[in-house]
Amino acid sequence: MSKTTVIGVGLVGLLLLGGCATEDYVKKHVAVVEGQVTDVQGQQKDQQAHLEQLDQGTKDAMARAEAAGKLAEGKFLYSMVLSDDSVKFPVDSSQLSPEAQTRLMDFVQKLKSDNKNVYVEIQGHTDSTGTKPINMRLGLDRADAVRLYMNQQGVPLNRMSTISYGDTTPVAPNNTRDGRAQNRRVVVIVMA
């Protein structure tokens, strides 16, 4: 064999070996990237399912609010508002202050002295800080705290319902501290 042939065969062999090494390298890195893409797609599906669940919860709350509104038409007797100026709902909290408990005790006494067959709707509200789902939950927690306290004072649970409006029905602008404080409230409505 001639020297040129041997050198040519050697060069072709080197090129083939280099091509195999490059192909293996590419396959290895593509597999890593494909794994990462699959993980991200799985996370996106989980997040989408979670958002759909939260959206359904909001729709359910609005349906309950509309039903309560229809029930209340023409039957309103009186109401009481527990807001930051009188009961101090702390930011991101549903705990009743001693002032709130005193006002609720007086309210329960009025309910008992009226001795009427009434129904009480307890509406929870928040300011606009926080996300919509968190505000809806916090509004419901505040309303539930009032319902539980009133039940402990003798108001039957079957005569009370709770609903959260979250931050959807502000009574003051949310761009000031005082406005946000007014929006953190519970409204107790008595209906015949």
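Which side chain meets R184 in a salt bridge?

1. The partner is D127, with an N to O distance of 2.8 Å. A salt bridge here is a side-chain nitrogen of Lys or Arg within 4 Å of a carboxyl oxygen of Asp or Glu. R184 sits in the loop between α5 (177-183) and β4 (185-191), and D127 in the loop between β2 (119-125) and α4 (132-152), so the pair ties together parts 57 residues apart in sequence. Both R184 and D127 are buried (under 20% relative accessible area; exposed is over 50%, partly exposed in between; 1.4 Å probe, protein chains only).

2. This is a predicted model: local features need pLDDT of at least 70, side-chain atom pairs count only at pLDDT 80 or more, and totals for chains, interfaces and linings use all residues. Residues are numbered from 1 along each chain as its sequence is written, and side-chain values use heavy atoms, with hydrogens and water left out. Helices (H or I, at least four residues) and strands (E, at least two) are DSSP runs, numbered from the N terminus.

3. The structure holds 3 salt bridges. One of them joins D167 and K132, at 3.1 Å from N to O. D167 lies in the loop between β3 (160-166) and α5, while K132 belongs to helix α4, so this contact links parts 35 residues apart in sequence. D167 counts as buried, at 10% relative accessibility.

4. R137 also forms a salt bridge, with D141; their closest N and O atoms are 3.0 Å apart. Both residues lie in helix α4, 4 residues apart, about one turn of the helix. R137 is partly exposed at 45% relative accessible area, and D141 is partly exposed at 26%.
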